[in-house]
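Biologist: Please show me the structure, and let us then go through its parts by question and answer.

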Amino acid sequence: MEITASLVKELRERTGAGMMECKKALTENQGNIDAAAEWLRKQGLAKADKKASRVAAEGRIAMAQDDGKALLVEINSETDFVAKDANFVAYTDAVARAALASGVADVEALKSVKLASGETVEEGRAALIAKVGENVQVRRLVRIDSADHVGAYLHGGRIGVLAEVKGGDADFARGVAMHVAAMNPPYNKAADVPAEFVAKEKEIELAKMTDKDRAKPAEILEKIIGGKIAKIVNENTLYGQPYVLDTDKTVEAAAKAAGADVIGFQRLAVGEGIEKVVEDYAAEVAKAMKV
């Protein structure tokens with residue numbers, strides 16, 4: 001069968017692969033476009049394996065939400081350029097929608113979930129790698145399914161937050177999610193702060209005190225230390241922080257005024273915890289010139 005330019009164009013539009021790859025795929029498969037598309041996918045899988053060792057610390061947080069449930073998924077790329085690519089954005093959104101609908105709660109289970117296109121999340125990842133030429137990893141997934149309000153907020157595709165709030169309304173729940181995105185509190189309420197954290201902070205504050213202060217009566221010393229620890233706890237808890245949408249109130253006061261109680265929250269930021277590789281392009285070019 002003749003491999004026409006229109007056939008190559010059709011396969012290229014369908015798969016996103018390069019022109020020469022499409023021509024080769026069609027030649028290898030006697031002009032059968034379906035077989036050629038499958039052949040390219042298999043080549044994409046091979047490319048995915050070769051790129052798997054590359055550090056993928058950029059990427060995007062995608063969000064999906066429906067009545068009483070919401071989900072965030074972090075999908076990583078090697079560069080911010082690819083993270084903004086239309087194919088990458090479309091894939092992350094499709095994964096989030098499929099994950100929410102399927103009910104899965106972990107990344108391993110997510111890999112076999114079918115996307116609207118009919119391919120699995122893992123097959124779609126491999127096809128995306130073939131298109132963008134970078135390592136792509138579906139890294140993390142968090143979800144909240146609740147009879148209470150679930151506030152969801154996405155900031156620039158880089159930070160995503162889910163907040164579960166009992167009482168109040170949907171606007172307050174979203175406001176809490178926005179606060180968590182901005183302030184990143186490690187804990188929800190004072191009761192959630194580990195005793196080890198408090199003990200360590202007491203030790204630090206005591207070490208910072210002068211000999212004169214340390215010589216004060218035990219009850220006075222305890223009040224001084226107690227005040228400092230209370231301030232530190234407030235700084236590290238959602239309920240103790242000034243509410244970003246009304247800084248005259250703490251989040252606890254805002255929740256009380258709204259008739260609400262924050263049950264908990266989940267926050268994802270792109271690339272947190274991944275050791276990024278710092279590229280020395282000048283050294284790389286100099287090395288290439290010596291070859």
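Biologist: Against which helices do the buried residues of α11 pack?

Modeller: The model is a predicted one. In it, helix α11 covers residues 218–235, and its buried residues are Leu221, Ile225, Ile229, Ile232 and Val233. These buried residues pack against α9 (195–208) and α10 (211–214).

Biologist: Why do the buried residues of α11 line one face of the helix?

Modeller: An α-helix has 3.6 residues a turn, so residues three or four places apart point the same way. The buried residues of α11 are Leu221, Ile225, Ile229, Ile232 and Val233. On the other side of α11, Glu219, Lys223 and Lys231 are exposed. The buried residues line one face because, seen down the axis of α11, they fall within an arc of 100°.

Biologist: Which element gives the most residues to the largest nonpolar core, and how many?

Modeller: The largest nonpolar core has 27 residues. Strands β1, β2 and β3 and helices α4, α5, α6 and α7 each supply at least two residues of this core. The element that gives the most is α5, with 8 residues.

Biologist: Which residues does Val138 touch, not counting residues up to four places away in sequence?

Modeller: Val138 is among the members of the largest nonpolar core that touch the most other members. With residues up to four places away in sequence left out, Val138 touches Val73, Glu74, Ile75, Tyr91, Val107, Leu110, Val121 and Arg125.

Terms used: Residues numbered from 1 in each chain as written. Predicted model: local features only at pLDDT ≥ 70, side-chain atom pairs only at ≥ 80, totals over all residues. Heavy atoms only, no water. Core = buried A, V, L, I, M, F, W, Y, C linked by side-chain atoms within 4.5 Å. Buried < 20%, exposed > 50% of the residue type's maximum accessible area, 1.4 Å probe, protein only. Helix = DSSP H or I, 4+ residues; strand = E, 2+ residues; numbered from the N terminus. Contact = heavy atoms within 4.5 Å. Expected span 1.5 Å × (residues − 1). Arc of directions from axis to C-beta.
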